[in-house]
Amino acid sequence: MATESTKKIIVLGATGSIGKGACEVIAAHPDRFSLVAASAHSDAEGLSRVAREFGLSRVCLSGAAAPLDGFDFSAAGSAGLERLVRETEADIVLNAVAGAAGLFPSAWALDSGKDLALANKETMVAAGELVKDLAKKRGRRILPVDSEHSAVFQLINQIGADKVDEIILTASGGPFRDWPLDRFAGISLADALRHPNWSMGKKITVDSASMANKGLEVLEALELFPLGLGAIKVLIHRESKVHSLVRSRDGSLYAQLSEPDMRLPIQNALSWPGQLESPYGRLDLAGLSLSFEEPDTRRFPLLALAYEVGKRGGAYPVAYNAANEVAVGAFMAERLPFVGISEVVARTLESDFAARPESFDAVAEADARARRVASGILERR
Ligand code: NDP
Ligand code: MG
């Protein structure tokens with residue numbers, strides 16, 4: 001039952017892996033959360049299903065030319081999505097849109113005075129400074145949903161930001177962590193989609209196999225937390241039980257542990273600054289062994305490139321993400337081998353992206369330019 005303390009939530013990307021998890025979390029706490037609007041890109045049936053389940057009156061299909069029938073507010077296209085976000089009265093927007101397309105929705109959410117629960121890591125990678133400035137100006141919060149960043153966020157808030165001097169992001173290492181390097185040339189799409197520990201959308205699953213996902217997460221952490229690149233480490237942790245760690249100034253390590261289940265960080269972002277009971281991810285420690293190892297950057301060149309891009313700054317992070325999206329798209333269409341993904345990204349970064357984008361439009365321009373460069377490289381291959 002909705003009460004005064006019920007948070008009104010908009011879920012963007014409601015038909016995706018994170019979006020569905022968010023809907024489950026919201027449905028599990030009808031006294032605390034109320035879904036007031038939702039979007040999908042082209043999955044009309046999926047969006048209608050969500051709308052029926054929650055009795056929604058406001059929806060948007062951002063990739064369609066015409067809106068769905070039968071709602072108080074129903075929109076289509078990117079302009080429709082902007083209206084949905086800006087004109088719906090809500091406390092918080094959960095942005096689970098896939099890829100760089102999530103950037104403007106993040107800006108619209110903050111600009112119209114809503115908190116932002118952020119699964120869309122591309123927002124922080126491409127425009128961290130701009131969204132942080134906007135959040136500050138509007139007095140709203142950015143609450144990370146990405147499991148590693150959720151873990152670090154919770155830990156930093158418990159320990160105190162002034163005491164933290166290192167962040168360790170954990171990574172499963174994906175399906176190829178033990179493959180001999182000489183087999184990489186023959187990696188198929190099916191191989192790359194076989195993630196050992198997490199069930200996620202396809203693009204992020206491929207990124208986990210290449211560790212571009214961890215590269216993006218390093219850049220995301222650089223924007224979310226007040227520490228330099230040198231204080232952000234990555235360790236391969238095969239069991240995916242420790243979702244990240246922070247080291248305090250006295251050298252102690254603090255970690256967040258749970259079974260891998262995105263519904264836990266989703267719930268934590270939605271309930272912040274409170275915390276609700278959760279059936280998700282409860283871990284039994286007895287009998288558990290945990291391992292940690294340095295990632296091999298020959299195996300995962302996209303991880304090393306992310307650090308390089310973080311060091312260079314400017315629009316290089318925008319270009320890294322955009323080129324990777326183009327290359328992963330080509331890999332998923334079976335037009336590029338797996339090892340070609342890092343080649344296309346590295347060669348795109350040979351172009352000049354040093355100028356720092358000072359506006360969201362400038363970010364979008366740098367993104368479009370990087371896509372053109374990457375597509376050109378793909379065509380000439
Ligand atoms: P999915 O591909 O499963 O879902 C993407 C959602 O976004 C769908 O609802 C889709 O609609 C919608 N969408 C796709 N393209 C556009 C577009 N151009 N404009 C607006 N909406 C669009 O992705 P995930 O749920 O896996 O990932 C979403 C985000 O969360 C990504 O940024 C990812 O990096 C991040 N994330 C995901 C995790 C996971 O466990 N899956 C973990 C941590 C972060 P439709 O169904 O109609 O196509
Ligand atoms: Mg993650």
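Author: In this predicted model, helices are DSSP runs of H or I with at least four residues, numbered from the N terminus.

Reader: How far from an oxygen atom of ligand 1 does a backbone N or O atom of Ser42 lie?
Author: Backbone atoms of several residues make polar contacts with ligand 1. An oxygen atom of the ligand is 2.9 Å from a polar backbone atom of Ile18. For a backbone N or O atom of Gly201, the distance to a ligand oxygen is 3.0 Å. For Ser42, it is 2.6 Å.

Reader: What percentage of ligand 1 does the protein bury?
Author: Start with the ligand taken alone. It exposes 900 Å². Of that area, the protein buries 83%.

Reader: What is the strand order in the sheet of seven strands?
Author: This sheet is open, and its pairing is parallel. Strand 4 (73–76) and strand 7 (142–144) are the edge strands, each pairing on one side only. From one strand to the next, the twist averages 20°. The order is 4-3-2-1-5-6-7.

Reader: Which residue in strand 3 is the bridge partner of Ala40?
Author: Strand 2 (residues 33–40) pairs with strand 3 (residues 58–61) in the parallel sense, over three bridges. The partner of Ala40 in strand 3 is Leu61.

Reader: At what angle to strand 5 does helix 10 run?
Author: Helix 10 covers residues 263–271. It lies across strands 1, 2, 5, 6 and 7. Its angle to strand 5 is about 155°.

Reader: Why is one side of strand 9 and of strand 11 left without a neighbour in the sheet?
Author: Four strands form an open sheet of mixed pairing, in the order 9-8-10-11. Strand 9 (232–236) and strand 11 (253–257) stand at its edges. One side of each is left without a neighbour because each has a single partner strand.

Reader: Which helix packs on this sheet, touching strand 8 and strand 9?
Author: Strand 8 (residues 164–171) and strand 9 run parallel, joined by five bridges. In strand 9, Val234 is the bridge partner of Leu169. The direction of the helix makes about 155° with that of strand 8. It is helix 9 (residues 212–224).

How values were computed. Residues are numbered from 1 along each chain as its sequence is written. Chains are lettered from A and ligands numbered from 1 in the order in which they are written. This is a predicted model: local features need pLDDT of at least 70, side-chain atom pairs count only at pLDDT 80 or more; totals for chains, interfaces and linings use all residues. Side-chain values use heavy atoms; hydrogens and water are left out. Two strands pair if DSSP finds at least two bridges between them. Helices (H or I, at least four residues) and strands (E, at least two) are DSSP runs, numbered from the N terminus. Contact means heavy atoms within 4.5 Å. Axes are lines fitted to C-alpha atoms, for helices over the stretch in contact, and angles run from 0 to 180 degrees between N-to-C directions. A polar contact is a pair of N or O atoms within 3.5 Å; within protein, one must be able to donate a hydrogen and the other to accept it, and residues adjacent in sequence count only if both atoms are side-chain atoms. Accessible areas come from the Shrake-Rupley method with a 1.4 Å probe; for residues, only the protein chains shown count as cover.
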